[in-house]
Amino acid sequence: MNSAGPTVWFAAASLMVCAAAPGILSGRAQQQPTFRSEINAVVVDASVRDRSRRAVTNLRPADFVVIDNGVPQDVDNVSYGKLPIDVTVALDVSYSVTGVVLERLRRAVGQLMRELRREDRLKLILFNMHVTRIVDFTTDADAVDRAIRTATAGGATALLDAISTALVSASAPDRRQLIVFFTDGNDSISVTAPDTLTMVAQRTRGTLTFVMPSLINRRPASSATSGASRQVSLRPLAPVLSAIAAETGGTVLPVDEGTDLAGAFTRVLDDFRSAYVLYYNPRGVDRGGYHRLEVRVKREGATVQARRGYWF
Amino acid sequence: MARVIARFGLVASLTLLQGQRPPANPQQTFRAGTDVVMVDVSVKSGDRVVTGLGPEDFVLTDNGVRQRIESVESTAVPIDLTLVIDLSGNPDRPWTRRIDHSKVVADVQREVQEVTSILRPTDRIRLLAIDQYVQQIWPLQQVPATPIPRVEFDGLASVFDTLAAALIRPVEPARRHVVIARTKGVDTISAIDARALRGIAERSDALFHLVIMENALGADAALSGFQSNLIGLVEATNRSWLPHQRRLVSSGPPYQLLSDGIAVRSAVETAGGGWHQARAFSVPSLTGTFRETFESFRQGHMLRYTPQGVTRSGWHTIAVTVPRSRGYTVRARRGYGIEDSAPAPAPTVPAVPKTLADLTLAYEAGAFQSVATALRQIADPQRLMRDFEEEGNPWPAAPRREAGFAIELAEPGVFSPRAETRDQALRLLNRFTRLIRQPLGPDVFERQWYYTVLTLLQGTINPPALEAFADLALARFPDEPRFLLARAIAADQRSTTAGASRVAATGSSQTALETVRRQYEALIGMPAVAAEARVRLAWLLHRIGRHDDALARLDEVDVEPLDGSLRYLQHLFSGHVMNALGRPDDATVAYRAARAIAPDAQSAQVALMNGLLARGDRAGAETVAEVIQRQRSTDFDPWWMYWQGQYRLYGQAMARIREMGR
């Protein structure tokens, strides 16, 4: 890890958007000069729920407890629902996803697009063994709809490679990053190992959520290569995905054949949107290396979902 | 011996003319009726071989029409000698069962050595033995230094089958094929009869000599039978109790020719060879017969003519004389046959073959790619395979083509998601493992066929099926490195419960991995597969945490420049190993090297992206991520095919099979 200077730090400690206050972040086309003087600011997304899984609102900085590598930190500021969101939707179009599911996905993504606010954007990635961005960040719902109609299912699955690529992809630092994967959780040919993916998750800042169908219309293989792929797709990676999602503050949302996919995608977006963004300047901890994070709130019965650490 | 250089008939004869002047298009060359016939002629005056004769000395008639002899050439070309020895029954001491195998082998070895001592360095020899099965003790080779391995003897007699196997061998360009066979003249188990053998001999290009030793061993057998049946002192050993003996000569003096013997002798003489039978107490020896034949052949004449004034197709009776000296004995082939040469009208090949009839038609026409593409799109390969098996070989005269077509049909089947379809495809292939066997032992086609099937099955990642076929292949070709590699890959596939991902290694038992490791280690000593064995061994060592050993193996890899896949994997794996050894800078260098080999392959890009991020080069990682997402789709990524073993070579292997089946 290079720790030569503030700019380098910001580039390397990629998981965090750093700013002194949310007001500084908005409306800046060129962000780096802004952060050069704010090198120690760390930003953490934190979703707070009560016992009924309802979002807890109206929390102040003093309501949060943030522990960075075991050292309690003072939260300087919080914001709630103010930052624009970049949503990356990655759809598994390998052999195991049928045309029927693809159509449901198309509708679900269309619904998700409509749920976005004016300042929010959506990017669409399709993956089987290839990881292909078919629409870059956009607010154009029609473009997304047209693109997803061109998708056809087939081939093997490079799920871990797709996750890694989605996490590493450049994103604007003044926007929150939500990455939603729709996948059956199988991987047959990724070159990325789970431990490598953990490293990537720790060094990037997107929040990963997986929408995982359990038994949605698995399609049998129909071609030579997909037949071989079926043979090697023997181990679902659900435990690995759960761990990666938790590392980034995200979750795994299982769905079944009767699940309204559009509703599921909307729920993922709502949960992400209802998270707080905490800002603090780390004190009393070494700067370099991995920082394990723990975030709590001083409310009885409330639970916090936040990423588990970041790389400095 | 006559050689008919014709499009039809003695197909093997084409090779000679090709050797002299390779035609650009053999079919065109022979279609115009310019068939050339070559006849080997031996002329003797008493026991003296007459040499130095010219075209004007000979009179040759073809179906009674005198022909113009275009040239008389020396026959001092290299010969391929096929020796056939009869080991059926007890070849040594028929009055006792105390048969000493080592003595039988030693006797055969000694006798064959006497023959080989006559051969020239350019000559070659193969050795067949008559017993219950046709045995090829030596394939065709230069004078062998290796000792004769174990032979089977004292079994039933497959005389006709073995002689047929000896005669059907095609003659190579600029060589002559001489068959010298010694038999007791008793056949008990052949599938063909003497008349079929005669038909084969008439169409063979071999100079065929047969040595009959019936009288000598017949006496032994009689003694044996007498002792066992009347005195009861010892047990009978000859197979006189067997039903349906087909004898060439009668079992006692004066050893007259029987009907089968007449047919075979006719075959021998038609082919221009000789019938050597014991007279009184004189038994012709193998060595003596060959010496005589060799000398006669070496000093003989080869007459060349283009048939004129005769109908092309059908049987041609030829007669050769030397008119100016009626005391000469002239030995030459008595005829040859040409089948009807009228070419059948070319059938119309369908653009998109769908039915079995369409597919076979297209395949026969050489539209291999259309057939392969169509087969991959057919929804029910099971039905197609069933039809193929029920309807039989569409090309009875081209069994190799049929065997190749069977692989084409099986390909979509082995990849089918339906278990019953996969099973049927495997059964089809399994059936052909028997059909492609040559009676004399494994040949080049069988080796290539197995190789092709094994490359295909590696692609299915079905270790049990791959292992089963690898075992079959190794039973035929025990030392073939590619088959040993296939078996190692099967074990490797089996050892990874999840197959492709590195996460799979956690599910492998140490025992299984150790087994695979040993197999790869053994292959490193075999140059043909050493590079691939090293790469695969390195990956296995990396998976089990032996990173230093893995790196050493990768550093040893010396990959042929053309095998980009292996070179790619070598660099990709080096990168992974470097990362594991805490050398991220070296890892990114390795990943870049892999990317340089296959710029469109995704795996090296992803590995490089991850590696750059691990080094703290986030900007670099983002750049690569952008490239990955925008990259045009390509299915070429050696890593994606890693667990499919040598399936990457299936296309090449299949192309070779198609070529061999033409």
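For the complex, the predictor reports an ipTM of 0.82 and a pTM of 0.63. Chain B has a mean pLDDT of 80, with 81% of its residues at 70 or more. Within that chain, residues 91-96 have a pLDDT below 50, and this stretch makes 19 contacts in the model beyond near neighbours in sequence. Residues 498-507 of chain B also stay under 50, and here the model has 30 contacts beyond four places in sequence. Where pLDDT is low, the predicted coordinates should not be read in detail.

Turning to overall composition, chain A contains 10 helices and 14 strands. Of its 312 residues, 51% are buried. In chain A, 79% of the contacts between residues at least 6 apart in sequence link residues at least 24 apart. Chain B has 24 helices and 18 strands, and 47% of its 662 residues count as buried. The corresponding share of contacts joining residues at least 24 apart, among those at least 6 apart, is 68% in chain B.

The nonpolar interior comes next. In soluble globular proteins, nonpolar side chains tend to be buried together. The largest nonpolar core in the model holds 172 residues, and the residues with the most contacts inside it are Val109(A), Ile163(A), Val180(A), Phe265(A), Leu278(A), Leu454(B) and Met609(B). Leaving aside residues up to four places away in sequence, Met609(B) touches Ser164(A), Thr165(A) and Val168(A) from chain A, together with Ala621(B), Val624(B), Ala625(B) and Ile628(B) from chain B. A second, separate core of 55 residues includes Ala181(B), Ile212(B), Ala271(B) and Phe290(B).

At one end of the order, β8 (residues 124-130) of chain B runs antiparallel to β9(B), to which it is joined by 6 bridges. Ala129(B) stands opposite Gln135(B) in β9(B).

Strand β2 (residues 36-45) of chain B has several pairing partners. It is largely enclosed by the rest of the structure, because 7 of its 10 residues are buried. An antiparallel pairing of 5 bridges connects β2(B) to β15 (residues 301-305) of chain B, where Met302(B) is the bridge partner of Asp40(B). Another antiparallel pairing, of 4 bridges, connects β2(B) to β17 (residues 329-332) of chain B, where Thr329(B) is the bridge partner of Lys44(B). β2(B) also pairs with β3 (residues 48-49) of chain B in the antiparallel sense, over 2 bridges, and here Ser45(B) has Arg48(B) as its bridge partner. The hairpin formed by β2(B) and β3(B) has 2 residues between the strands, and Gly46(B) takes a positive phi near 65 degrees in it.

Helix α9 (residues 356-364) of chain B has an inward side. Leu359(B), Thr360(B), Ala362(B) and Tyr363(B) are its buried residues. These residues lie on the same side of α9(B), because they cover an arc of only 165 degrees around the axis. Their cover includes α10 (368-377) and α12 (399-414) of chain B. Just after α9(B), Gly366(B) takes a positive phi of about 85 degrees.

Finally, one loop position in chain A deserves a look. Thr248(A) lies between α9 (238-247) and β10 (252-255) of chain A. It counts as buried because it has 27 C-beta neighbours inside 10 Å, where 20 or more are required. Beyond four places in sequence, Thr248(A) touches Ala201(A), Gly206(A), Thr207(A), Leu208(A) and Arg307(A). Its C-alpha atom is separated by 9.9 Å from that of Leu178(A), a residue 70 residues apart along the chain.

Definitions and conventions:
Residues are numbered from 1 along each chain as its sequence is written. Chains are lettered from A and ligands numbered from 1 in the order in which they are written. A residue is buried if 20 or more other C-beta atoms lie within 10 Å of its own, exposed if 12 or fewer, and partly exposed in between; C-beta atoms are placed from the backbone. Two residues are in contact if their C-beta atoms, placed from the backbone, lie within 7 Å. The arc is that of the directions from the helix axis to the C-beta atoms. A nonpolar core is a set of buried Ala, Val, Leu, Ile, Met, Phe, Trp, Tyr and Cys residues joined through C-beta atoms within 7 Å. Two strands pair if DSSP finds at least two bridges between them. pLDDT is the predictor's confidence in each residue, from 0 to 100.
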